[in-house]
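Here is a short briefing for a first look at this structure. Please read it with the sequence and the 3D view side by side.

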2 protein chains.
Amino acid sequence: MEKNTLIVLSGGMDSTTMLYEYQQQIALAVSFHYGSNHNDKELHFAQLHCQRLGIKHIVLPLPFIKDYFRSSLLAGADAIPSDEYNEQNMHSTVVPFRNGIMLAIAAGIAENEQLQYIMLANHAGDHTIYPDCRPEFVNAMNEAVQAGTWNNVQLLTPYTNISKTEIARRGLTLGINYDETWSCYRGGEQQCGTCATCREREQALMEAKQLMDKE
Amino acid sequence: MEKNTLIVLSGGMDSTTMLYEYQQQIALAVSFHYGSNHNDKELHFAQLHCQRLGIKHIVLPLPFIKDYFRSSLLAGADAIPSDEYNEQNMHSTVVPFRNGIMLAIAAGIAENEQLQYIMLANHAGDHTIYPDCRPEFVNAMNEAVQAGTWNNVQLLTPYTNISKTEIARRGLTLGINYDETWSCYRGGEQQCGTCATCREREQALMEAKQLMDKE
């Protein structure tokens with residue numbers, strides 16, 4: 001398979017699973033250092049998996065996000081909500097248009113490197129919380145990226161309409177050790193287990209294992 | 001008029017004209033330091049006009065562009081073409097998806113600041129050279145920005161289908177002194193007068209003055 005794809009890689013469960021599932025076509029992984037509470041923890045695992053798979057990995061600094069954007073995700077561990085992963089609870093964690101910014105930069109890099117595709121691991125569970133994870137956004141951004149590049153770079157978002165549980169099921173089937181990914185929005189020494197993102201992670205892993213036990 | 005608009009401001013002729021023409025609705029001007037040959041020269045004038053008009057101005061660094069993108073616009077004065085401003089000649093000056101990147105970041109800032117509109121001064125003369133100046137790109141990016149923000153931020157690009165000559169005519173009518181803008185892609189002490197961008201500038205100003213003499 002041709003290596004013609006750039007992946008936006010955080011080091012969390014979703015994009016790490018996508019990295020392994022589509023490794024045959026991925027030429028370059030791009031991560032962003034934007035000053036979130038858990039950024040260093042995520043990037044450690046992003047780098048680890050790229051090294052293991054022999055995929056080139058670059059980390060781009062976006063210092064303006066921490067300087068100019070307000071979000072609990074940028075405001076320290078204590079600002080992160082502790083309850084269930086849902087729209088109301090997670091609204092404070094939105095970093096405005098984060099996926100739009102990451103995809104636009106990825107499009108420039110892809111055009112520059114003559115890569116035809118960009119992969120993003122947005123999934124169905126995030127649609128109600130993050131507007132820049134929804135199909136309407138992804139479809140329009142795909143049009144914009146194609147129209148705005150000479151090589152007509154395209155977006156691929158194969159997880160847009162699947163759940164995090166299904167992502168976890170795929171990853172476990174591929175043999176991914178999810179202890180080598182980071183979800184916790186608090187970004188402490190260990191994943192806290194109580195913030196909404198930790199809860200979402202644990203639930204997806206539990207449900208995925210239940211599904212696999214039935215298979 | 002409500003101050004509900006962010007403008008992407010370079011300090012060149014087009015965006016400076018837009019700043020003056022739409023000053024009543026502009027709450028914030030955003031410039032980018034991305035390492036182009038002429039960046040410091042442009043930003044000097046961007047700042048000057050914002051101070052004069054009492055418009056808040058911020059400059060965001062994008063260090064990854066110089067580090068990872070190839071373009072004659074990033075490669076020093078000698079790399080800039082000297083002949084006519086046309087597609088073939090100017091192709092090397094393309095910074096991949098630059099407008100997409102700037103608009104995506106502007107969308108995040110606008111969402112954060114609760115501003116409803118983003119203005120970009122792309123114009124008809126750039127359509128054949130820069131794919132991210134064309135109506136197809138602008139329309140799709142507008143959809144993406146609306147879909148990807150809670151406040152449904154929108155793009156305004158009133159110069160998309162007018163010429164640089166018409167922009168210059170409007171600016172001269174508004175009393176803009178274009179000596180206080182920067183076009184030259186070489187970025188030396190003075191504008192060189194021989195690079196394609198200087199030629200395009202001089203032609204637009206000459207034609208605009210001719211039009212105004214006939215009025």
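B:Gln114 counts as exposed because it has 11 C-beta neighbours inside 10 Å. Here a residue is buried if 20 or more other C-beta atoms lie within 10 Å of its own, exposed if 12 or fewer, and partly exposed in between, with C-beta atoms placed from the backbone. This is a predicted model: local features need pLDDT of at least 70, side-chain atom pairs count only at pLDDT 80 or more, and totals for chains, interfaces and linings use all residues. Residues are numbered from 1 along each chain as its sequence is written, while chains are lettered from A and ligands numbered from 1 in the order in which they are written.

**Loop residues with positive phi**

- B:Gln114 is not a glycine, yet its phi is positive, about 55°.
- B:Gln114 sits in the loop between H5 and strand E4 (117-119) of chain B. Helices (H or I, at least four residues) and strands (E, at least two) are DSSP runs, numbered from the N terminus.
- B:Asn152, also not a glycine, has a positive phi of about 50°.
- The loop between H6 and strand E5 (154-156) of chain B holds B:Asn152.
- B:Asn152 has 12 C-beta neighbours inside 10 Å, so it counts as exposed.

**Chain A**

- Chain A has eight helices and five strands.
- Their order along the sequence is β-α-β-α-β-α-α-α-β-α-β-α-α.
- Of its 215 residues, 52% count as buried.
- The C-alpha atoms of chain A fill a box of roughly 45 × 45 × 30 Å along the principal axes.

**Where the chains meet**

- 33 residues of chain B are in contact with 33 residues of chain A. Contact means that the C-beta atoms of two residues, placed from the backbone, lie within 7 Å.
- On the chain B side, H5(B) gives the largest share, 10 residues.
- That side divides into 21 nonpolar, six polar and six charged residues. Ala, Val, Leu, Ile, Met, Phe, Trp, Tyr, Cys and Pro count as nonpolar, Asp, Glu, Lys and Arg as charged, and the others, Gly among them, as polar.

**The H6 pair**

- Helix H6 (residues 135-147) of chain A and helix H6 (residues 135-147) of chain B have axes that come within 8 Å and cross at roughly 155°. Axes are lines fitted to C-alpha atoms, for helices over the stretch in contact, and angles run from 0 to 180 degrees between N-to-C directions.
- H6(A) and H6(B) are therefore roughly antiparallel, a label for angles over 145 degrees.
- Residues that meet include A:Phe137 and A:Met141 in H6(A), and B:Phe137 and B:Met141 in H6(B).
- The contact of H6(A) with H6(B) has 10 nonpolar, no polar and four charged residues.

Technical notes. Angles under 35 degrees count as roughly parallel, over 145 as roughly antiparallel, 65 to 115 as roughly perpendicular and the rest as oblique.
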